[in-house]
Amino acid sequence: MKLSYNSRPRVDDQNFTYFVTLVFNRCETIDSARKKLRMFHQKLDRKILGVDWYKKPHDQRTFFIAFPEHIASNLHYHLLVKVRDEYKGRFEEHAPSVWEGLVKSGSINIQEIYDERGLISYCVKEQHKNQNFQSFIISTEFSSK
């Protein structure tokens with residue numbers, strides 16, 4: 001079966017729920033940052049979905065695409081996050097404490113999305129840089145299912 005360009009999933013078709021900025025406020029390598037985002041995803045899903053979070057289907061788990069910015073000077077990530085409606089309250093409640101528990105010097109900013117296209121443009125503004133392009137994260141890479 002041949003897929004056409006229009007039949008492939010696109011970033012702007014995901015109906016993201018939140019725009020999140022995760023800041024380390026300290027020197028961090030891309031590798032250590034990736035590990036922190038992996039732990040953030042796992043701990044957050046545990047808080048939202050309970051102890052069997054890893055057994056849940058992908059469409060119930062938190063989904064995000066994380067775009068790095070200022071890799072050499074002040075590494076932080078802009079995330080487009082998709083959370084099911086029934087978990088939005090838990091996400092808003094637990095995401096700050098999970099991030100700040102992982103990164104003591106860190107900060108987090110969470111905003112509900114109203115203009116997805118504008119935020120997508122903002123998130124990808126540095127993706128033309130080779131290291132940024134090679135370092136973006138899709139949360140499903142952390143899932144074993």
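Biologist: Which residues in H1 meet which residues in H2?
Modeller: In this predicted model, Lys36, Leu37, Met39, Phe40, Lys43, Leu44, Lys47 and Ile48 of H1 meet Arg90, Phe91, His94, Ala95, Val98, Trp99 and Leu102 of H2.

Biologist: And how do the residues of that contact divide into nonpolar, polar and charged?
Modeller: In the contact of H1 with H2, 10 residues are nonpolar, one is polar and four are charged.

Biologist: OK, at what angle do H1 and H2 pack?
Modeller: Helix H1, which covers residues 30–49, packs against helix H2, residues 88–102, at an angle of about 140°, and their axes are 9 Å apart. The two helices are therefore oblique to each other, and H1 passes H2 in a crossing that is right-handed.

Biologist: Changing topic, how many aromatic pairs does the structure hold?
Modeller: There are six aromatic pairs in the structure. One of them is formed by Phe16 and Phe63, a stacked pair with 6.1 Å from centre to centre and 15° between the planes.

Biologist: Where in the chain do Phe16 and Phe63 sit?
Modeller: Phe16 lies in the segment before strand S1 (18–23) and Phe63 in strand S2 (residues 63–69), so the pair links distant parts of the chain, 47 residues apart. Phe16 and Phe63 are both buried.

Biologist: What about Phe24 and Trp99?
Modeller: Phe24 and Trp99 form an edge-to-face pair, 5.2 Å centre to centre with 65° between the planes. This pair also links distant parts of the chain, with Phe24 in the loop between S1 and H1 and Trp99 in helix H2, 75 residues apart.

Biologist: Are those two buried or exposed?
Modeller: Phe24 and Trp99 are both buried, and together with Phe40 and Tyr77 they form one aromatic cluster.

How values were computed
Residues are numbered from 1 along each chain as its sequence is written. This is a predicted model: local features need pLDDT of at least 70, side-chain atom pairs count only at pLDDT 80 or more; totals for chains, interfaces and linings use all residues. Side-chain values use heavy atoms; hydrogens and water are left out. Axes are lines fitted to C-alpha atoms, for helices over the stretch in contact, and angles run from 0 to 180 degrees between N-to-C directions. Helices (H or I, at least four residues) and strands (E, at least two) are DSSP runs, numbered from the N terminus. Angles under 35 degrees count as roughly parallel, over 145 as roughly antiparallel, 65 to 115 as roughly perpendicular and the rest as oblique. A crossing is left-handed if the near helix is turned anticlockwise from the far one by less than a right angle, and right-handed if clockwise. Contact means heavy atoms within 4.5 Å. Ala, Val, Leu, Ile, Met, Phe, Trp, Tyr, Cys and Pro count as nonpolar, Asp, Glu, Lys and Arg as charged, and the others, Gly among them, as polar. Rings of Phe, Tyr and Trp (its six-membered ring) pair if their centres lie within 6.5 Å; planes under 30 degrees apart count as stacked, over 60 as edge-to-face and the rest as tilted. Buried means under 20% relative accessible area, exposed over 50%, partly exposed in between (1.4 Å probe, protein chains only).
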